[in-house]
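Subject: Structure handover

Hello,

Please find the structure below. My notes on what was found in it follow.

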Amino acid sequence: MPSVRSSSRWMVIGLIALLLAVAPLPIASAPPTERRFRIEASSFHYTPETISVNPGDHVTIDLVATDVVHGLYLDGYDLNVTADPGQTTSLSFIVDRSGAFRFRCSVTCGALHPFMIGKFNVGNNDLLWRSIGLAALAVVAVAWSRPR
Amino acid sequence: MTPAAHRLNLLDRPSVKAALVNRWPQLILRIVALAGFLIAIVSGLIGTPVGSHNFGIVFVWIAWWALLMLIAVPVFGRGWCSICPIPLPGEWLQNGAVLGPQKKGFSLNRKWPKRLRNIWLQNIAFTLVALFSAVILTQPGITAMVLLAFLFVAVGASVIFERRIFCRYLCPVGGFIGLYSQLAPTEIRVKDAAVCAAHTVKTCYTGSADGYGCPWLLYPGALTKNTYCGTCLECLRTCPHDNLAFNIRSLGADLRQPAGRKLDEAFKAFIMLGAALIYSAVMLGPWGALKSAAYSIGSGPWLMYAVSFLGLIFGVLPALFLLAVAAGRALSGSKATLKKSFVTFAYTLVPLGLTAWMAFSLSFAFANFSYVWPVLSDPLGAGWNLFGAANVSWQPYLTSIVPALQAGVLIAGLVWACATARQIAAETQAERAALIHALPVMGFCCLVTLALMGLLIA
């Protein structure tokens, strides 16, 4: 039967875990601005490979396909745009979700098409920091516990 | 308390027992898998060369891989091996029968060389497939050739050697399925070892009119781990004393068995962990130059990629782990040799590796699973529309929640790995010394988890 001390310990760990998982992070973000990015898509990468914005920004992406038809599907936002070779297609939206999102080619463009990926970073990656915190807490909890 | 006290034998339910002992359900699943396998080869050879529209690529590397890593291995261990189509033609030839032991088959039935009775060949085979994966996974013709090569080697092994030598010692996939099957909540074990000891004929190993002797060259009476049990179910059929159980058990029960830990299996853990890290960077990262290097086989960048790939798997990861083990050993005053500690603690990486692969597969599979529907309708790219889904367009699934799922899986793997490290250390040392021994290994697991988080959710 677990002792009172042991039960208290696990309650504290549980509370810290809950805080790490859901408590708002005290990090101020920059005021929203208009942002415009030109992304060149060529087999099988985007240039730039990563773009970073802040929550609330009004973002316009000009997608330029340099060789064959390419697309850009933004994970988490479910937005999609395609561009013919040599053409530019624009996509505008307001950034309303924080975190790190992948964008990926949405038009079959060749062998490595499924792996043609870029990254769209929005503000602070809460999920990453919370995950690191929870992982650290979990390791401490395991170290604290008795092996079965 | 005996191990059986923590287990639920599914064979106690007559319907389950009947379904598992009867050969027909297994044969039907095997034939379906074999048909899919053959269609994958044919579509690779004569179907569309566009990978994301080719049945072989989509079914093998997206659908099968996702089901294997996210469901089959974590839940059923080697359950896939029970219906895997690759060894079937050779096994049928060897047995001279498709359904049961009736005729004399065709095989020289040679013994496998003693010095090769380990998984080093499987380690090498998997490493080679992984090294060339950027091409294998994207070129239908190459996928078909690789699948044909597996089939050819499997048939050759069955014709020359006894039983399932291909599965036991050669299959590149079987090696890691075996390693990770130690974590599965299912197992086949004997109910009472004393019954086996008293049974002098050992029909589970020699075979009988009811079934084949263990194709995996195991004596079920001595079975303590899932690693090499292919869940072929033959022992359920050949045991005259109804002494076999198909158990539900706690996760990772085999990791709590100190016996049978080996260097070849330890390196399998490093190969799998390293490959998960590299795949996450190459296939899911934004670095175009890295993707091009992995794809352009024979070029200068590819050679650098290959050296880095092999260096990480066989050099950096084992060296860092060895340092961690040596530090823990020195700080805790352990009397175990460094090699024994290295091998023993490497099993910590089994849950870490499986969860790393699950996290990788979550992103890869959900992003690409919608390719399955069109190729089902038009498997050969011949303009068919068998199920009305040939024109379903690509649509990633669950992209909003996949990163959170990945984070959860990685944290669970880290906890599992750390708990395993503590439990392994506690096998030979008192509690405080065991904790000190385990801490550097736990630190190594943290570093790997952070790297995976950086690659997958950052």
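Chain A is divided into domain 1 (4-26 + 129-144) and domain 2 (34-123); these bounds come from an automatic or database domain assignment. The C-alpha centres of the two domains of chain A lie 37 Å apart.

Before the rest, some notes on the source. This is a predicted model, in which local features need pLDDT of at least 70 and side-chain atom pairs count only at pLDDT 80 or more, while totals for chains, interfaces and linings use all residues. Residues are numbered from 1 along each chain as its sequence is written, and chains are lettered from A and ligands numbered from 1 in the order in which they are written.

Chain A overall

Chain A has 2 helices and 9 strands (DSSP runs, numbered from the N terminus: H or I of at least four residues for helices, E of at least two for strands). Along the sequence their pattern is α-β-β-β-β-β-β-β-β-β-α. The C-alpha trace spans about 70 × 40 × 20 Å along its principal axes. The radius of gyration of chain A is 21 Å, whereas a compact globule of 148 residues would have one near 15 Å (taken over C-alpha atoms; the globule rule is 2.2 Å times the number of residues to the power 0.38).

Of the 148 residues of chain A, 32% count as buried. A residue is buried if 20 or more other C-beta atoms lie within 10 Å of its own, exposed if 12 or fewer, and partly exposed in between, with C-beta atoms placed from the backbone.

Strand β9 of chain A

In β9(A), 5 of the 6 residues are buried. This strand is joined to β8(A) by 6 bridges, and the two run antiparallel; two strands pair if DSSP finds at least two bridges between them. Within this pairing, Phe101(A) has Phe120(A) as its bridge partner. Strand β3 (residues 50-53) of chain A runs parallel to β9(A), with 4 bridges, and Ser52(A) stands opposite Asn121(A).

Where the chains meet

How many residues of chain A are in contact with chain B? There are 34, and they meet 41 residues of chain B (contact: C-beta atoms, placed from the backbone, within 7 Å). On the side of chain A that touches chain B, the elements giving two or more residues are β8 (99-104), β9 (117-122) and α2 (126-144). The largest share, 10 residues, comes from α2(A). By type, this side divides into 18 nonpolar, 10 polar and 6 charged residues. Here Ala, Val, Leu, Ile, Met, Phe, Trp, Tyr, Cys and Pro count as nonpolar, Asp, Glu, Lys and Arg as charged, and the others, Gly among them, as polar.

Cys418(B) touches Val139(A) and Val142(A), as well as Met442(B) and Cys445(B), not counting residues up to four places away in sequence.

Chain B

Phe59(B) is in helix α3 (residues 55-76) of chain B. Why does Phe59(B) count as buried? Because 22 other C-beta atoms lie within 10 Å. Leaving aside neighbours within four places in sequence, Phe59(B) is in contact with Gly36(B), Ala40(B), Trp64(B) and Val375(B). The C-alpha atoms of Phe59(B) and Pro379(B) are separated by 9.6 Å, although the two are 320 residues apart along the chain.

Chain B also has an open sheet of 3 strands in the order β1-β5-β2, with antiparallel pairing. β1 (8-9) and β2 (186-190) stand at its edges with a single partner strand each, so one side of each is left without a neighbour in the sheet.

Regards

Note on methods
Contact = placed C-beta atoms within 7 Å.
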